[in-house]
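Please have the sequence and the 3D view open side by side.

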Amino acid sequence: MSKKLRVAIIGAGPAGIYAGNILATKYPDVDIDLFDSLPAPYGLIRYGVAPDHPRIKGIVNSLHEMLDGGHIRFYGNVEFGKDLKLDDIKEHYHAVIFATGAIKDAALNIPGVELEGSFGAADFVAWYDGHPDYPRTWPLNAKEVAVLGNGNVALDVARVLAKHADDMLSTDIPANVYAGLKESPVTDVHVFGRRGPAQIKFTPIELRELGEIEDVDIVLYDEDFPDGWFNEVAEGVTNQHKVMARIIEGWREEQSTGASRRLHLHFFSSPVEITGNGKVESIKFERTALNPDGTSVHGTGQFVEYPVQAVYRAIGYFGSELPEVPFDEKYGVIRNQGGRVVDASGAQVAALYATGWIKRGPVGLIGHTKSDATETIDNLLADIEKLEDPATPDSEALLKKLSERGVKYTNWAGWQKLNAHEIALGAADTSHVERERVKVVDREEQVSIAKA
Ligand code: NAP
C-alpha cells in the first residue's frame, strides 16, 4: 500500500531539482517542497557557471521544466538552520534531502595565503556571477596574475580574467561586473598545475575555448614537456586526454600574434609561498617531476618565483556544515552512505538524506548529479516504511510559521516575475546585438520584484 509522502529538499540547484524530479517520477504520490537560501532557484547554474558558458547555463531550461511540472514547490530566501529548523522539517515532512552543494574554497596552507590580493576562486566566481551575498566590487588592479589549479574552475577564472570586458557583454553579467572587468589592467594570466600536462583535470571543450579568446595569446614552456610527455597507452588515458594533448601540441607550434594579453600554462609547479609586503608581490613554486607510477609527482628541490600582484586559488571547492546535520570535516561532506545520512558511528540518522556535491564532494559535471540523485532516492524509497508520519503534514502551516518569523520567502510565481524582469532588462539593453538577460544582484531587490 502506498502512503502519501512529504519530502523537503534543501538547495534548489541542479542536485536538488534532479532529486525532486526523480522522486516525483518514481513515486508520484509525493509532495515536495524545495527550499533555497537565495531568492532565485538554480544554485550552481546561476551562481557557479561562468557567464560566457551559455551552453551549460542552458541546463536551466530543463530544470525550469522540472519545477514547472507542478510536483515540486519552490520557496526561496529561506535559510536552513535559521529560518527553517530541523524540528520544523520533522513536524511537516517524512524526510529531508540536503542538496546544498559546495561553495567554499578548499584551503591552501602555504605562507602568504592571507596577503591582500590572494583570492579564493569560489569568491571571484560568486562576484562575477552576481551572487547577492558578495561585495559588488572586486579589486582588479593586477597586471600579472597567478591562477592555481588545473581543473575547469581554474580555466573559468583564467578566461574571465584574460578576456576583454567587451567580449563578455553578450552574457548576463551585471553592470558592476562589466565595469570592474573593464578597468582591469591585466596583461598576463599564469595558470599553474602541480602535476604535468598529461595529468590535467580540464575537459576538452573548456580547454579548446582558451585558444579562442580574442586578443589573447597562449604561452607554453618547453621545460614542462619532457620527451614523450604524453603516453597514449598509459593506464587511465582516455579519449579526452588524447584530444587535450592534441590541443596543447597545436598551441606549442603556434607563434605569438602579438596580442595585448597572454595566458600562460605552466606545469610541474607546486605552490610553496606567496610573498609580499602586506600585498601579493610574487609567488614561489617548487618544480615537481613525475613518479614512476606516471601520475603522482615529487618535489625536485628546485624553486622558481614569478612576480604577480594577485593569486587566485582554484584548487577545489569545499562543502559547508549545516546545523544539526552530521558533517565530515575532512572531506567537507555530510556523513552519508549512499545518500543516507549517518552519524560518526556509521548509524543511519532517520529521515535525513543527501545528494550532489554535499554528498560526494565537489567533483564531476552537472550531469553526473543525476545518477547520484537516483541512488539517494532509491535508498529513501527503500526506507519508506520506516519514515515516520509528520505531526502536521501541511505546507501551508509551515509557510504561515515562516511568515510569522518575518521570513520574506519567494515562490515559483515570484521567480517567474523576477525571470521576466531580468529578460526584459536584457532586451532593453540596446548597446549590444543580443543580450538574453541582465541579472538583478541585490537580494532585497530580487525579493521585492518576486513579491510584487
Ligand atoms: P578539480 O577538477 O578537482 O581541479 C582541482 C585542481 O586543483 C587540480 O588540478 C588539483 O591538482 C589542483 N590542486 C588541488 N590541491 C592543490 C594544491 N594544494 N596545490 C596545487 N594544486 C592543487 O576541481 P575544480 O576545478 O574546482 O572543478 C570541480 C568540478 O566542477 C570538476 O568536475 C569540473 O570539471 C567541474 N566544472 C566544470 C566546468 C565546465 O565548464 N564544464 C566549470 C567549472 C567546474 P591534482 O590534479 O594534482 O589534484
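Start with Arg 195, where an N or O atom of the side chain is 2.8 Å from an oxygen atom of the ligand, a polar contact in the sense of a pair of N or O atoms within 3.5 Å. Arg 194 also takes part, with a polar side-chain atom 2.8 Å from an oxygen atom of the ligand. Val 153 uses its backbone instead: a polar atom there is 3.1 Å from a ligand oxygen. The protein buries 83% of the 920 Å² that the ligand exposes when taken alone (accessible areas by the Shrake-Rupley method with a 1.4 Å probe).

A word on the ground rules: this is a predicted model, in which local features need pLDDT of at least 70 and side-chain atom pairs count only at pLDDT 80 or more, while totals for chains, interfaces and linings use all residues. Residues are numbered from 1 along each chain as its sequence is written, and side-chain values use heavy atoms, with hydrogens and water left out.

Now look at the shell around the ligand. Of its 22 residues, Asn 150, Asn 152, Arg 194, Arg 195 and Gly 364 come nearest (a residue is near if one of its heavy atoms lies within 4 Å). Helix α7, residues 152–162, gives the most to this shell, with 3 residues (helices are DSSP runs of H or I, at least four residues). By class, the shell has 10 nonpolar, 7 polar and 5 charged residues; here Ala, Val, Leu, Ile, Met, Phe, Trp, Tyr, Cys and Pro count as nonpolar, Asp, Glu, Lys and Arg as charged, and the others, Gly among them, as polar.

The largest cavity has a volume of about 50 Å³, where a cavity is a set of points on a 1 Å grid over the protein atoms alone at which a 1.4 Å probe fits but cannot get out, and lining residues have an atom within 4 Å of a point. Its lining includes Pro 139, Leu 140, Leu 161 and Tyr 312. That lining has 8 nonpolar, 2 polar and no charged residues.

Finally, find Gly 319 in the loop between β15 (317–318) and β16 (327–328) (strands are DSSP runs of E, at least two residues). Is Gly 319 buried or exposed? Gly 319 is buried, with a relative accessible area of 0% (buried means under 20%). From Gly 319 to His 64 is 255 residues in sequence and 25 Å in space, C-alpha to C-alpha.

Definitions and conventions: A polar contact is a pair of N or O atoms within 3.5 Å; within protein, one must be able to donate a hydrogen and the other to accept it, and residues adjacent in sequence count only if both atoms are side-chain atoms. Buried means under 20% relative accessible area, exposed over 50%, partly exposed in between (1.4 Å probe, protein chains only). On a 1 Å grid over the protein atoms alone, a cavity is a set of points where a 1.4 Å probe fits but cannot get out, and a pocket is an open set with protein on both sides within 12 Å along at least five of seven lines; lining residues have an atom within 4 Å of a point. Grid points are joined across faces, edges and corners, and a volume is the space filled by probe spheres set on the points.
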